[in-house]
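I opened this one to look up its pockets, its sheets and a helix pair. Here are my notes, in the order I took them.

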Amino acid sequence: MEIALDAAKRYPPPLYTLGPLIHNPQTVEYLEGFGIEVKSRVEQIKKGTVILRSHGVSLKELEKAKKRGLRIVDATCPIVKRAHFFAKFLRRRGYDLLIVGDADHPEVEAIRSYLEGEVKVIEEPDLLSRLGPWKKLGIIAQTTQSQERLKEVVSACLHKAKEVRVFNTICKATTVRQQEAVEIAKKVDCMIVVGGYNSGNTQRLAEICRNVQPETHHIEIARELSPKWFVNRERIGLTAGASTPSWIIQEVEQEIRRIKGRRS
């Protein structure tokens, strides 16, 4: 966000991001107020500045942007870049590569684009039955995956490869957030998870919380809260995805307190 807003101050319009900067529609709308528009393809941009979103962009899209002479501002998350580094590291050393994550997520698509040859992507260990066996297998993870999911896949791969090398590329902040959310969910009667519906890490956070507290609700904004969720429920937990701005979280908290106050 700081990189994008700084670019809006430093460079003349037009300014664009290739895809949403982060997976939060309210933030995307906020950036539009500073003249930063979202485009899905480089072909839609004729001139100006293009901001590479936090998930990274594919090598093909990056090369197109350079050929068009666009000014490039790189806002790729450094933890995502770290995943790129380890993927290339494993491939250069002759490992078949497996990414634990969502094949359709832009972060995973970008990582795959920088690698020659086939790269397998899997999110559920049950799907491994169709893959392998391998002689040398390298494993990384989409940065917002859960540690438990990575462990499950790695454990299953140990029986399908003679050699397995793993780099834990999951964002530490994401792991801490998931762990803390679980601890909150254990102590409350209802759990609210705030974040974009298109945010993979928020979806995963809601899934993890729901496994602990079935009364878990994923919302984007405060007005989606329903008073009936809080009937006969005294303790309400609140957490949010990594891309959820603090002002949205504060609005949700205030609305929960207002609803609870009204009922009491």
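Predicted model: local features only at pLDDT ≥ 70, side-chain atom pairs only at ≥ 80, totals over all residues.

**Pockets and sheets**

I began with the second largest pocket, whose lining residues divide into two nonpolar, seven polar and five charged.

Residues are numbered from 1 along each chain as its sequence is written, and side-chain values use heavy atoms, with hydrogens and water left out.

Back to the second largest pocket, where I noted about 300 Å³ of space. It has 14 lining residues, and Ser146, Gln147, Glu148, Gln178 and Ile208 are the closest to its centre. Helix H6 (147–157), H7 and H8 each give two or more residues to this lining. A pocket here is an open set of points on a 1 Å grid over the protein atoms alone, where a 1.4 Å probe fits, with protein on both sides within 12 Å along at least five of seven lines; lining residues have an atom within 4 Å of a point. Grid points are joined across faces, edges and corners, and a volume is the space filled by probe spheres set on the points. Helices (H or I, at least four residues) and strands (E, at least two) are DSSP runs, numbered from the N terminus.

Next I looked up the largest pocket, with a volume of about 690 Å³. I found 31 lining residues, with Ile22, Ser54, Cys77, Ala242 and Ser243 nearest its centre. Which helix gives the most to the lining of the largest pocket? H7 does, with three residues. The lining of the largest pocket holds 14 nonpolar, 14 polar and three charged residues.

**First sheet**

I then traced an open sheet of four strands in the order S6-S5-S7-S8, with parallel pairing. Two strands pair if DSSP finds at least two bridges between them. S6 (119–122) and S8 (161–166) are the edge strands, each pairing on one side only. S5 (96–100) and S7 (134–141) share five bridges, and Leu98 has Ile139 in S7 as its bridge partner. H4 lies across S5, S6, S7 and S8 at about 175° to S7, and H6 lies across these strands at about 180° to S7. Contact means heavy atoms within 4.5 Å. Axes are lines fitted to C-alpha atoms, for helices over the stretch in contact, and angles run from 0 to 180 degrees between N-to-C directions.

Another open sheet of four strands runs S2-S1-S3-S4, with parallel pairing. S2 (36–39) and S4 (71–74) each have a single partner strand, so one side of each is left without a neighbour in the sheet. I counted four bridges between S1 (15–18) and S2; Thr17 has Val38 in S2 as its bridge partner.

**Helix pair**

Last, I checked H7 and H8, which pack at about 30° with axes 9 Å apart. Residues of H7, including Gln178 and Ala181, meet residues of H8, including Leu205 and Ile208. This contact divides into seven nonpolar, one polar and two charged residues.

Methods. Nonpolar A, V, L, I, M, F, W, Y, C, P; charged D, E, K, R; others polar.
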